[in-house]
Structures are given as structure tokens and as C-alpha cells.
Amino acid sequence: MSLVYYFYRLEITNEHEMNAEQLKTVIIGSGPAGYTAAIYAARADMKPVVITGMEPGGQLTTTTEVDNFPGYPDGVDGPTMMVELQKQAERFGTEVRIGRVTAVDFSKEAGGKHILTVDDNHTIEAEVVIIATGASAKYLGLPSEQRLRGGGVSACAVCDGFFYKGQEVAIVGAGDTAAEEASYLSNICTKVTMLVRRDEMRASKAMQHRVNNIDNIEIKYNTEVEEVLGDQVVEGLRLINNQDQTTSEIEITGLFIAIGHTPNTSIFKDQIDMDDSGYIFTKEGSTHTNIPGVFACGDVQDKEYRQAITAAGTGCMSALDAERYLAALEV
Ligand code: NDP
């Protein structure tokens with residue numbers, strides 16, 4: 001290290017020490033993973049501060065009815081559930097701050113602590129950081145699709161499929177998720193139309209085999225959605241064949257979009273190990289990342305299950321992992 005660089009880093013370190021807010025536990029993200037981590041962390045006296053992100057409550061705040069979270073026999077709407085989770089975390093002393101973490105420095109320049117910048121202007125040094133920033137479902141981007149989100153357009157068949165019991169639905173996508181969700185929907189709905197934009201599917205051969213052998217799944221290749229039809233609720237689709245440009249219409253009541261998710265990890269790029277799609281790697285059977293004192297839970301590290309209950313489960317794990325990490329530091 002050159003002498004100039006050494007003094008530059010020293011200056012930065014001293015500046016942080018003088019100005020930065022010192023916190024024990026920071027949880028980034030306020031979905032089921034973040035709030036569950038907060039409940040456990042607060043009860044363990046880890047003084048958690050939750051930085052909510054731009055969508056406080058996470059993906060569930062855009063979900064109408066949650067019927068598959070244990071403990072709600074009559075179901076619960078997503079926003080209500082998130083408010084209750086927040087209250088439960090606050091009951092044990094969690095501080096919830098509306099804000100967005102805009103930069104992180106996990107290089108441990110601050111004497112072993114992790115540096116977070118909130119809303120570009122506030123610096124925090126944290127002993128442990130729990131990342132629970134989730135993932136965002138991709139959508140097609142059609143105005144009619146966006147207008148009817150919550151009115152028949154969904155990005156989660158396991159969450160919303162039941163509402164279309166005995167009805168005809170369509171699903172866009174041709175990966176493992178789309179194939180798995182089409183298969184799931186075929187058990188509930190009378191007919192599932194799968195819309196595949198190319199002349200073949202991306203899903204594994206085993207998944208393709210499965211959907212090809214289900215009688216009430218029809219696969220339309222080279223087909224894209226031109227418009228989602230319906231005023232208040234989905235009534236059908238106008239489709240376009242991208243080979244010959246012919247259009248057609250089908251009648252459905254539910255449209256499922258299964259074209260992938262984007263993990264919300266852009267601020268962690270080059271700071272933490274992640275896969276090619278941006279999902280954070282955690283050590284098997286735990287929520288430890290490659291950075292000591294930084295943990296990840298929920299959809300930001302899970303592209304397979306992606307359920308509120310699994311997110312909550314890994315949120316709990318991350319607080320326990322963090323608690324053990326802090327305890328080991330004090331020995
Ligand atoms: P993928 O990225 O694998 O697939 C996305 C699919 O959506 C592709 O078929 C793609 O088409 C299609 N698509 C993308 N954009 C559009 C668009 N604008 N219009 C129409 N179609 C579009 O995402 P998945 O969520 O399916 O899977 C993510 C990862 O998770 C994969 O690695 C998958 O294997 C894994 N996974 C594994 C499971 C399991 O093992 N049980 C279950 C679920 C997921 P195209 O092929 O033309 O690019």
C-alpha cells in the first residue's frame with residue numbers, strides 16, 4: 001500500500017469514526033424476512049434498526065389476499081400482514097426507519113464494522129448487517145398488464161392460483177418457474193394456456209415433460225401477449241404470433257407472469273459474493289455470506305422457494321446466526 005493511499009484511508013476512517021452513527025444491528029429490507037429477523041434480533045437485545053427500502057413491507061404489500069401463511073385461518077391481506085409484522089417487531093424495541101440504503105462498504109475500513117450510507121447522506125457503522133432486500137418479479141411492461149395487477153394479473157401462482165379455482169387461466173414464461181406454476185395451476189384450474197415466446201422452452205427437460213403430459217395445459221409457442229383485456233378485472237388476452245404476426249383472442253380470468261425475478265442487490269455488487277443473476281450466496285444450511293458479520297435472508301438469496309413463510313424462516317435464521325457471531329466476538 002502506498003503511503004499516500006494509507007493516509008487517504010486513515011483520513012476516511014477517522015472521518016467515519018467522527019461522523020458515523022454507531023449501531024449494533026442493521027436490517028436492510030422490510031418484508032417478512034426483514035421483520036422476522038427484527039423480531040428475533042430485538043428479543044435477543046441486538047438493538048435492530050430496520051431500514052425499510054422504497055417499498056416498506058416488500059412484495060406482500062402488492063398482494064391482495066395471503067391464504068397460505070400459517071396462523072391466519074381466514075387469510076389476511078398482504079398490507080395488513082406487513083403492518084402486523086412491523087408492530088410485532090416494534091413491540092420488542094425494533095426501530096423502523098423509512099429510507100433507502102444507497103451504498104455499502106463491507107471492506108471493514110471502520111475497525112471491523114460495516115459502513116452503510118442511507119439516502120446518500122447519512123453514514124452508519126454497524127456491527128452486523130442482515131440483508132433482506134428481496135427480489136422483484138419481472139413484468140411484461142404492458143400498460144394493460146400494470147393496470148390489472150391485483151385484478152387478475154399476478155406474478156405468483158402459489159400465492160394467488162387458488163382464487164381461480166375452476167376457471168381458465170394463462171401463464172407467460174417458459175422457464176422452470178413457469179413450468180412448475182403451470183403444473184400447480186393445472187390442479188386447480190380447468191385449463192391453463194402457457195405462452196412461450198420462442199419455439200422451445202427454457203425449462204429443464206423433466207419439467208417440459210411434465211407440462212407436456214398434463215391434459216389441461218395447452219402450450220402456444222411463438223406467442224406473446226399484445227394486450228390484457230378487461231376493464232376492472234382480467235377477461236381475456238389478445239395474443240400475437242411473432243412468426244406470422246397474426247393475432248387472436250382467448251378468454252381467461254387470471255394471467256400469471258412467470259418470466260423471472262430480479263434480486264434487489266445492485267448496491268451490493270462487488271461487495272459480496274453473488275451468482276450471475278445477482279442472488280447472494282449463503283453458506284449451506286445458514287445465512288452466512290462470505291463477509292463475516294453480514295447475513296442474507298429471504299428472496300435475495302433464494303430463487304427456488306420464494307414464499308413469505310420461507311422468507312420468514314430464513315429471517316429467523318439470520319438473527320440467530322448474527323447473535324452467535326456477536327457472542328463469539330465478545331468472548
Ligand atoms: P428463467 O430466467 O429461467 O426463465 C424465464 C422465462 O421467461 C424464459 O423462458 C424466458 O424466455 C421467458 N421470458 C422472459 N422475458 C419474457 C417476456 N418479456 N415475454 C415472454 N417470455 C419471457 O426464470 P425462472 O424464474 O423460470 O427460473 C429462475 C432460476 O430458478 C432458473 O435457474 C431455474 O432453473 C431456477 N428454478 C428452479 C426450480 C426447480 O429446480 N424446481 C424451480 C423454479 C426455478 P426465453 O427462454 O425466450 O428467454
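Where is Ser-266 found? Ser-266 sits in the loop between strand S18 (261–263) and S19. This is a predicted model, in which local features need pLDDT of at least 70, side-chain atom pairs count only at pLDDT 80 or more, and totals for chains, interfaces and linings use all residues. Residues are numbered from 1 along each chain as its sequence is written, and side-chain values use heavy atoms, with hydrogens and water left out.

**Ser-266**
- Ser-266 is exposed, with a relative accessible area of 66%; exposed means over 50%, buried under 20%, and partly exposed in between (1.4 Å probe, protein chains only).
- The C-alpha atoms of Ser-266 and Thr-102 are separated by 9.6 Å, and these residues are 164 residues apart along the chain.

**Arg-306**
- Look for Arg-306 in the loop between strand S19 (294–296) and helix H8 (308–330); helices (H or I, at least four residues) and strands (E, at least two) are DSSP runs, numbered from the N terminus.
- Arg-306 is buried yet has no salt bridge, and the nearest side chain of opposite charge, Asp-299, is 5.6 Å away.
- A salt bridge is a side-chain nitrogen of Lys or Arg within 4 Å of a carboxyl oxygen of Asp or Glu; Lys and Arg count as positive, Asp and Glu as negative, while His and the chain ends are not counted.
- The side chains of Arg-306 and Thr-177 are joined by a polar contact of 3.0 Å; such a contact is a pair of N or O atoms within 3.5 Å, where within protein one must be able to donate a hydrogen and the other to accept it, and residues adjacent in sequence count only if both atoms are side-chain atoms.
- The Arg-306 side chain also reaches the backbone oxygen of Lys-303, at 3.1 Å.
- Beyond its neighbours within four places in sequence, Arg-306 is in contact (heavy atoms within 4.5 Å) with Thr-177, His-261, Tyr-279 and Asp-299.

**Glu-145**
- Glu-145 belongs to helix H4 (residues 143–147).
- Glu-145 is buried yet has no salt bridge, and Arg-149, the nearest side chain of opposite charge, is 7.0 Å away.
- A polar atom of the Glu-145 side chain lies 2.8 Å from the backbone nitrogen of Gly-141.
- Not counting residues up to four places away in sequence, Glu-145 touches Tyr-139, Leu-140, Val-153, Val-228 and Ile-257.

**Helix H6**
- Among the buried residues of helix H6 (residues 176–186) are Ala-178, Ala-179, Glu-181 and Leu-185.
- The cover over the buried residues of H6 includes helix H5 (157–160), strand S11 (168–172) and helix H7 (205–212).
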